[in-house]
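Please read them with the coordinates open.

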Amino acid sequence: MASRYAAHPATRVEQAKEAGPKDGPNETIRAHLFCKPATDGVSVGDCPFTHYARMALAIAGMEYIETPLAPGDKPGWHLEEHGGSMPCWSPRGLYNGEGAISDSGAIAKMALPPTPADDAALGACGGLFLGIAKYLKNSDDARDGELKAGLDAELAKLEALLFATDGPFLAGAAPGVADCSVATKLYVLLVGAGHYKNYVLDAKYPNVARYYATASSHPAFYATRYPESEMLAGWGEARGGGH
C-alpha cells in the first residue's frame, strides 16, 4: 500500500498526528501500524515480522496508516508499555495506546483468526525462522554445515506438511495466517541467504519450491514486501558488516 507520508520524517509524524483522533465527536479514529523505517527514513523497512503482520492485514482488507518510526519519534506510551517494539498495531491512533498490540503473530491473528489448519502449520513451522536466522547470520564457514543441517530439518517439516496439505496454501485453497508467517520467512531465506550464502533451495524440497512460487505471487505478499536491497542491508549489519 502506498505511503501516506511526506518525504521528511518530522513531517511524517506530524501528518500521522493530524490523521489521529480529534476532539470532535464525529471524527474517525484511524489505526496505525508502527514499523521500522527504511534507510530513506520514510518507507517501511526490512522486518519479516512486519511483513507477516502487513500481509495478514492486507488479506483481511483492514485499513490503517503505515507509520515508520525512528527511535526518537516513538510516542511515550509505546516506549513505556511496549518497550518500543515493532511492529505495533495502535487501533486508536498515534498518541493513544489503548488496545495496542506489539507482537506480529498477535497482530496477524487479530486480522486473520487462525483455522485448525493454520494452528497446525504454525506449530509445525515454529522453528523455521530461527533456523534461517542462525544460518544467515553466521559468518564462520566452519559452522555452516551444522547450521545448514538445522535449517534442513525445519524445511523437511515444511515439505512434509505441504505434501499432506489439500490446496496450494497451508490454510487450504486461500492463504491464511500461517501462510503469512511462513511465506515471509522464506523470502528472507531465498533472498538473504541466496545473496550471502549462495543458497539455493535443494531439489528435495519440491513442495516448498512450488509453495513459495505461489505464495510470493499473491497480491497481499507482493504489495507488502519490503525491497530486497533493504533486506540485504539489514542482514549485512546483522552479520557484522560481513559478506
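Where does Asn 198 lie?

1. Asn 198 is in the loop between helix 8 and helix 9; helices here are DSSP runs of H or I with at least four residues, strands are runs of E with at least two, and both are numbered from the N terminus. Because its relative accessibility is 67%, Asn 198 counts as exposed (buried is under 20% relative accessible area, exposed over 50%, partly exposed in between, with a 1.4 Å probe and protein chains only). Asn 198 is not a glycine, yet its phi is positive, about 55 degrees. Most residues other than glycine have a negative phi, and most peptide bonds are trans.

2. On the basis of these notes: the model is predicted, local features need pLDDT of at least 70, side-chain atom pairs count only at pLDDT 80 or more, and totals for chains, interfaces and linings use all residues. Residues are numbered from 1 along each chain as its sequence is written, and side-chain values use heavy atoms, with hydrogens and water left out.

3. The protein chain has 11 helices and three strands, in the order α-β-α-β-α-β-α-α-α-α-α-α-α-α along the sequence. Of its 243 residues, 49% count as buried. Among contacts (heavy atoms within 4.5 Å) with a separation of 6 or more, 73% are between residues 24 or more positions apart.

4. A cis peptide bond joins Met 86 and Pro 87, with omega about 10 degrees. Pro 87 is placed in the loop between helix 3 (76-82) and strand 3 (88-90).

5. Helix 7 (residues 144-163) has 20 residues and should span 28 Å at 1.5 Å a residue; its end C-alpha atoms are 28 Å apart, which agrees. The expected span is 1.5 Å times one less than the number of residues. Buried residues of helix 7 include Leu 147, Leu 151, Leu 155, Leu 158 and Leu 162. An α-helix has 3.6 residues a turn, so residues three or four places apart point the same way. The cover over the buried residues of helix 7 includes helix 5 (116-124), helix 6 (128-137), helix 8 (177-196) and helix 9 (206-216).

6. Cys 180, in helix 8, counts as buried because its relative accessibility is 0%. Cys 180 and Ala 53 are 127 residues apart in sequence, but their C-alpha atoms are 7.5 Å apart. Beyond its neighbours within four places in sequence, Cys 180 is in contact with Tyr 52, Met 55, Ala 56, Ile 59 and Leu 112.

7. Thr 224 belongs to helix 10 (residues 219-224) and counts as buried because its relative accessibility is 4%. A polar atom of the Thr 224 side chain lies 2.7 Å from the backbone oxygen of Ala 220. Leaving aside neighbours within four places in sequence, the contacts of Thr 224 are His 51, Arg 54, Met 55 and Ala 58.

8. The largest pocket has a volume of about 220 Å³. A pocket is an open set of points on a 1 Å grid over the protein atoms alone, where a 1.4 Å probe fits, with protein on both sides within 12 Å along at least five of seven lines; lining residues have an atom within 4 Å of a point. Grid points are joined across faces, edges and corners, and the volume is the space filled by probe spheres set on the points. Of the 13 lining residues, Leu 122, Cys 125, Gly 126, Ser 181 and Lys 185 lie nearest the centre of the largest pocket.

Conventions
Polar contact = N/O pair within 3.5 Å; in protein donor to acceptor, adjacent residues only side chain to side chain.
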